[in-house]
Structures are given as C-alpha cells and as structure tokens.
Amino acid sequence: MPMNSKTETDPRALVQSPQDFASQWSLIWIAFRRHRLAMTGAIIVLMLYVVAAFSEFLAPFNPNATSAADVYHPPQMIRFIDRHDDGGWSVRPHVRSLTAERDKFTLKTTYIVNPDEKIYLQFFGKGDPYRLWGVIPMDRHFLTTADPSERFYMFGADRLGRDMLSRTIYGTRISMSIGLVGVTLSLALGLILGGVSGFYGGRVDMIIQRIVELVISLPTIPIWLGMSAALPQDWSPLTRYFAITVILSLVAWTELARVVRGRFLALRTEDFVTAARLDGCSRKRVIFRHMMPSMVSHIIASVTLAIPVMIIAETSLSFLGLGLTPPIISWGVLLKEAQNVRSIAQAPWLFIPGGAVFLAVLALNFLGDGLRDAADPYAQDTHQ
Amino acid sequence: MTAMAKTAATNSTVLELRNLITEFVTQRGTFRAVDDVSLELHAGKTLCVVGESGSGKSVMSRSILQIVDPPGRVTGGQALLHRHRTARGSDFDETIDLLQLDPKSKAIRNLRGRDIAMIFQEPMSSLSPVHRIGDQVGEAIRLHEAVSKKEARERTLELLRKVEIPNPGKAIDQFPFEFSGGMRQRAMIAMALACNPTVLIADEPTTALDVTIQAEILDLIRSIQDESDMAVMFITHDMGVVAEIADEIAVMRFGKVVETGDVYEIFEKPQHPYTQRLLNSVRELDHPSARRLEMRETRAIGEPILVSDGITKVFGSGKRWFGGEVKGFKAVNTANLELRKGENLGVVGESGSGKTTLGRCLQRVYEVTDGRVLYTNEAGQERDIAGLTEDQLAEPWRDIRTVFQDPFSSLNPRMTIGQIIGEPLVVEGKLTGQQIRDRVHELLELVGLPASAYMRYPHAFSGGQRQRVSIARAIAPNPRVIIADEATSALDVSIRTQVLDLLLDLQKRFDLSFILISHDIAVIRYFCDRIAVMYRGQIVETGDTETVCQKPQHAYTQSLLSAVPVADPRVRGQKQRVRYQEAT
C-alpha cells in the first residue's frame, strides 16, 4: 500500500526534545521548574511542613514550660565564634546571657547583657523529654542548651516566660495542618457538587449554582464568629479544632466547586470527550479515564491556593478568640497575645508568629500560581 | 489621476524588504521564523505571499510594522518605505527604513494605519466588541489627521459606503456583534482604508469566511485597489485565491522565499520543486481521484447502509419555567439522505448550514428531534437508531466511526497514541492486552505512522500525523461507515490529498463507506461519488458529484460553485458570478 507519509522536515526545526515522550506530569514539572518564584515557594512550603512534622524535635523547649524569671525576655542572637579570654577562639554556638533589672521607680524590667556569662548551645543535645507524634519517647532536640537548667530565647519569651521559638514551631503544626484538613474537606464537597453540577447541567446545575452564590454572598467573618460562638464551651480543644476546620471548609468549598464545574463544562464539549463516548466508554470511564486527568492539575493548583485562605481564616478566628483556644498552640492563638498596646511597646517579638503566617501564605500563593501556570503545559508550548 | 502619472513615470516600488530576518528566542534555542526575505511591493499591484502553515508568511508581514508577538524579534534586514513614490509623498527623495524605528516610537505609530494598514484573518477578534463600528473607524481617522468628530463621522460614512456595507447610516452606530462575518471584514477594510494607505497588508483576510463571501471581499479589495493605486500584500495559503487576485507571487517555505515572479509565470512555469508540488496538489484536487474511479470499476456500490429519513434537529427548544415554549433553532430541517455501501457521500455547505449537525445526528451523538436514522448492520438487519439510549448505541457506534475536524482537540493530550488508538478495543473488552497492542501496531502501520509513535503523546505530532492517528482510531474496531467531518480542513493542501488517498486505500481494503462533510468543493470532488448540498439546514440538491458540479440545478448550488476560486489566473474574471437570494 503506498503510504507517502514522508514529508520533508523543516530545516529550521529545533532539536527534537525528550518532551515528545514526556507525559502530562513531566511536562507540568518542566514548566513548573522554569517558574523561579514558584520553586522558591515550593521549597519554603516543604520546609514548613517538615517543621510541622518534627516540631517536637525542632523546638528547643517544651512550649508550655514557663519561667517566671524570663517574662518578656527579648530575643537573643546565636553566635558561633566563641572568643576566649586569652584571645583565642573556637567554634561553639552560644548566646550572651541577659539579666533582668528592675527600675526602682517605674518597676519596669530591662534586660541587660551580662558580658561574663555565656549560655552554650548544643546540637542534638538532651532537653525536655517529649513523645514524637505522641508515640516515640525521646529527649533529644535539634538545638538546645548544653546545660538543661538554662534557657535561651531566639524569638524572645512571652508574658509567662514561655519560649516563643518553641511555641511558633508547635504552632506551625496546627496552622499548617488546619489548612490541609480544611481543604481536603472542602475539596470533597467541591468536587462532588461541582462535578455533578458541571456534568449533568440543566436544573441540577441551576440549583447547585444558586446555593454556591448564596454561600458566597454570606459575609464570612460574622458567619464564622456565629458558628464558632455556638460551639459548646465544654468541648475538648481537639474536638474544637475539628469543629473549626469543618466550619472553615463549609464556607470555602464554593470556590473549588466553581473551578471543577468550569473545567467540566469546558471539557464536555472537547472533541476527545465525544470521541471517548463514541469509543463506547461508559459514563464513568469518560469521567475518570478521559476527563479527570485533564482536571487534576487544575484542581491541585486551586487547592494550593485555597490552603492559605484557610490559614488566614484560622488565624483571624483564633486572633479574635473564637477559633482555637489555649492550650492548643496555633499562630492565631499566639498572635492573640499580641493584641494589646502594651505588648507592641514592650515586646514586639510577640508578632513573630505573624511573620510565619505571612511567609506561609506568600509561599503557598507563589506555589499555587506557579502550579496554575504549569497546569496547562500545552498552552505555553505554542512557540516551538 | 496625478498619483498614477507620478508612479508610472518612475520606479513604482513603494515598499521594499531587504534580507529581513525575524527570530524567536526560546528556551530551546533560536528559531528563525523569517530567514533572509527580500521582496518588493509595487504601487497598484498585488503581491500574494503563499505558503503552508508555519512557513513564516504571517510573521514576515508583522515584522514590517514591528508588531511581532514576543519573544519574536526582527534581528536583521531593512524594510524601506519609499514615501516619495506614493501619493502622499513629497517631491524630494524620502525613504524610511521601518526597521530602524523604535517599535514604540511615535514615528512608527504615525506610519501604522496611515501609510501602511493591515487587516487580519479573524474579523471578530480584530474589532473591539464594546465600541460602535463608526467610532472605531472614526478613531483611525482622528489618530492620524486633525479633523473634528463631525468630519470624521462623515468620512466614516463615506468609507462604509465605499466598502459596500448596506445602509451605512444605520451601520455606523451598530456594534460588531450585529454584523455578519463578511460585514465585519468589510468594516475592518474600511478602517484600514481610513487614511488612504499606500500599502495594505492583508493577512489571510478571507480564510475565516465562506466562499461566497470570500468572493465578494476579493472583488472589493480589487476594486478599491483600482481606484486608489494602493500596493497590496495579500497573504494566503489558498492557490485559488492567489489565481484570482495576484499580480505577483512570492512562495514561502520554512521562512525563506523560494520563488518570486509574475502570476502567470509561476502558475505556468513554476521553477522551484516546492512550488511545482504545491500547484500539483491543488490541481489534483478539484478532479475525481483516479484511485477512486479505478476502485469503482471493480467494486459496485451496494444497497443503502445508513439512511437519514426526515431528520430534524432543533437546538435550545423547551419549556420555560412558568409555562410557554422557547422556540429553538432548527439546525437540520427534514433531511433525507442515504449512504450506500461502498460509496463516498459528500455533504457540502457553508458555515452554519447544519452539515456538521446532520453528521452528528446520523451517528446519534446528538439526539434527533424528529425523523428516523436507519442503519443496516452487517447481518443485513435494518434498524432505527434514532430512539436508542447510549448503552444500546455501543454496537452501532462500533460500526459507524468518526474522524474529527480538529486534529488538536480530538486527541486526548493526556494519553499516548497507543492508548488513544487502543481505547475502543479496550472498552470492547474482547481482546487481551497483548492482542490490543499488536492490533494498534498494525493500525499504525496501516495509516503510515512509525511504530515509535505508540509511546508518544499527541503534542509530538504535526496536524497531518494527528489526523492519521484519528483515522487509525476510527478504523480500530473494524467499522463499516466512517463520517469524516471536515477531516482535511485544518491541513495544508499538500497533506490534504495524502490523507484523502489514505482514506481511499482503506476503503479498498476494508470495504468502508464514507460520509465526508466539507465546505471545500475541491476536496469533495476528489473524494466523493455523490454530493448533497446543504443550505440553512435543508438539503437543496443531491446527485452524482460530477453532474452537480458541472450542471448545478439549484440556484444556491450555482452561486456556491461560481464563488469557488479557480486555481488558474487565465480564467480570472471570465466566470459569471451567481448570487443567491433566498425567496422570503
């Protein structure tokens, strides 16, 4: 059979790339890697989740351990080069010790550097005992004082003399996970309702979309406030935590539902979906084998963008005292400490958890943006 | 005609490209889209730039005014505008190198639209949807000339009249969406002519239009040129259009101009092998395929296999929430058509004539509002498939397959070629994994694709190759009928015949019957035994292809055929155009 498929190749064509064999995911990865800001975001997010996973090990102290002598202790800088009195030096991490002095008239405490005393630090040293993930008993910390009776404060201390660094690290776990858990819930809701809405269309779509609009038009903050105020006060902190995630995701699912619906509507008219129907695929196979793979990347991108919204929401609720409450530690709970003017004036380091929120939200947004751009690798490859 | 006298006396070259180079710098290297192009445009003459997709003709035209999309950049050469040779120019020598001007400078903005104007392919996206036609044309005037609003409006009216827009007084205050495609393109031309440009660059201005409207636009451009002595650079891939309008031709391939010359010279004595091949494939189409005629000698056409018995399809009708009925759009109106065994049936019509809808109804992708679809299966049982549910359709869908129009959207970008072709077999569930793999390799060979294609993804293939994949998928479950909806429209001319020949070879081997839906009469003439002409949802004429093409009975068919440009500059202007006005 004559098959004159031989066509001359374009002499200008650039070298054939291995992308010809690349699957969707490797194309997305190639596109994503080019996005520098998103890569930075991805690394930061990854680091935050590592911190969240190993917070007991990374925190130098028990976050709830108080020290009456170190109320509003300012942050200390870690120094690595230890100068000896004889003029020599060695590498040994330490901080300069501060001593509290109380003004006789104003009763104001000021911390003054004590030049004679150094508090030496140790990597992987023994400190407060803890159970990693509540199971494995351990007492090693990533960085702690060489002498277990001494304390150091990289991020300062709060009004009870608790170490802010340890508290911020512990807060990472709750704050970063509430985003994940909440998004998982709203993803489930959004996928089901958005998928049904987009696939069936017609009256079902009408009703679901009106519900979405209803939820969107509700003012979120009063709703959160009202719902969390309605939570029974005698619930355990953990139950409260789950209740709050449910509340957050009940409001946040709408965005995802719309994304999913939009993708469904766009894909439904694509020729390759019609082709799949004509190939004899069942409805289930059309959705899961042919349509889903094209949507997954977009969904991942919107999920990434939904997590920071959750984090912000938790932080604001907790800040207002209606979200999580002590003894649970989250960034929002920590920021509640920084609510009054006194703390701004006296202990500005209480805002450090705010910096963590800022970092996490920014990194997640960059990551999500990069994913969204990379999600459709074919859109960018027009100039080949 | 002072302008005429001025140009005739001396050299009439108004725009001259010298060694133009445009490059796209990408991650993977530098891509030279326009490679050392030298051309001349003469006043009052039309230069047609021909070439297949990706040959760099559009980028070349955009380089002249430095409006190449990033990351493209003009990296070398000159584009000399000889203003003193134009009607607007002064007596002393005034030559401007457009490429020396800063792309954002006022100097080049002054030239854009005033000395050199452009019209583009897609008239809908080139007009602003939120401004009135009159305001958009008027703006073009007021940008370059200090005239009052009132004056600009008067000139706009005059321009609209000039481009033959009916009732310009009303049209001036209308929005683009109220215009048809042809009217929009006329408005675009009016805008381009607003300042009497010396050079008009038309980038595939008729490609998105139906043939009858294309013929009118071509007439319009020619008549305007006759009046104003404007130089036109006309970019197209359609040799028929070239034969119709060109004075000179430049053939582009892979970014280079391979041949330039007078229109008669090129059509009669093409020098470059590429030009020869291009013209051959154009001429080969438009005649019955020898392969097909030969096949029909040995194998007679059989009984009807797929019959459309009064199919009607109405879109968007239904009941409103509070009673009352919504009257839908009748896309197909009682269509009667039969496809016989071993036959190629062509359905031709302009955009919106309902030919695609008819095809989809025949395959029952769409529900049929009224009428019967009679399919005779292999065992000879006739069955009405109009009322079947999706589950019951599984069997007829294995027998009636489709080749889609768009080779890009019809292949799932997330699946390998092997998976795409094997999908109907996997779903059928009769073969084992190894058998399916063997069958797919066999199919790849049948359609002329290398075995290495199996593991690749669609994005690694060109349009023609993708269409082969689509064909392989269609024949995978051993079908009996294939509905090819504009299967060759997205392909370049030289690849078109290849794909059609492939379909004919497959027909010979597997005893297939085809329905080819197309707007292109040449393709139908090459491929189809019988033809059905559709107009506004109705089949107005059916019959033997050659009979219909040579002696069309219905007035619409006559107008359609008379509008098709013939790829021969000698017959230009000899053909009598028939305009069809539907009796209301």
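In chain B, helix H5 (residues 133-144) packs on helix H6 (residues 149-162) at an angle of about 115°, and the two axes lie 9 Å apart. H5(B) is therefore roughly perpendicular to H6(B), where angles under 35 degrees count as roughly parallel, over 145 as roughly antiparallel, 65 to 115 as roughly perpendicular and the rest as oblique. Axes are lines fitted to C-alpha atoms, for helices over the stretch in contact, with angles from 0 to 180 degrees between N-to-C directions. Helices (H or I, at least four residues) and strands (E, at least two) are DSSP runs, numbered from the N terminus.

The structure is a predicted model, in which local features need pLDDT of at least 70 and side-chain atom pairs count only at pLDDT 80 or more, while totals for chains, interfaces and linings use all residues. Residues are numbered from 1 along each chain as its sequence is written, and chains are lettered from A and ligands numbered from 1 in the order in which they are written.

H5(B) and H6(B) cross in the right-handed sense; a crossing is right-handed if the near helix is turned clockwise from the far one by less than a right angle, and left-handed if anticlockwise. From H5(B), the contact is formed by B:Gly134, B:Val137, B:Gly138, B:Ile141 and B:Arg142, and from H6(B) by B:Ala152, B:Arg153, B:Arg155, B:Thr156 and B:Leu159. Residues are in contact if their C-beta atoms, placed from the backbone, lie within 7 Å. The contact of H5(B) with H6(B) comprises 4 nonpolar, 3 polar and 3 charged residues. Ala, Val, Leu, Ile, Met, Phe, Trp, Tyr, Cys and Pro count as nonpolar, Asp, Glu, Lys and Arg as charged, and the others, Gly among them, as polar.

In chain A, the axes of helix H2 (residues 36-53) and helix H4 (residues 164-200) come within 8 Å and cross at roughly 115°. H2(A) is therefore roughly perpendicular to H4(A). The crossing of H2(A) and H4(A) is left-handed. H2(A) contributes A:Leu48, A:Tyr49, A:Val51 and A:Ala52 to the contact, and H4(A) contributes A:Ile169, A:Thr172, A:Arg173, A:Met176 and A:Ser177. Of these residues, 6 are nonpolar, 2 polar and 1 charged.

Chain A is assigned domain 1 (40-53 + 167-380) and domain 2 (71-158), with bounds from an automatic or database domain assignment. The C-alpha centres of domain 1 and domain 2 of chain A are separated by 38 Å. Their contact involves 7 residues of domain 1 and 6 residues of domain 2. The domain 1 side of this contact has 4 nonpolar, 2 polar and 1 charged residues. For chain B, the assignment gives domain 1 (1-115 + 202-262), domain 2 (123-196) and domain 3 (290-315 + 327-551). The C-alpha centres of domains 2 and 3 of chain B lie 43 Å apart.

Chain B also contains an open sheet of 4 strands, ordered E2-E1-E4-E5, with antiparallel pairing. Strands pair if DSSP finds at least two bridges between them. Strand E2 (29-42) and strand E5 (95-97) are the edge strands of this sheet, each pairing on one side only. Strand E1 (residues 13-26) of chain B is joined to E2(B) by 10 bridges, and B:Glu23 stands opposite B:Arg32 in E2(B).

Strands E21 (residues 530-535) and E22 (residues 538-544) of chain B are paired antiparallel through 6 bridges. B:Val533 faces B:Glu541 in E22(B). The hairpin of E21(B) and E22(B) has 2 residues between the strands, and B:Arg536 takes a positive phi near 50°.

Conventions: Contact = placed C-beta atoms within 7 Å.
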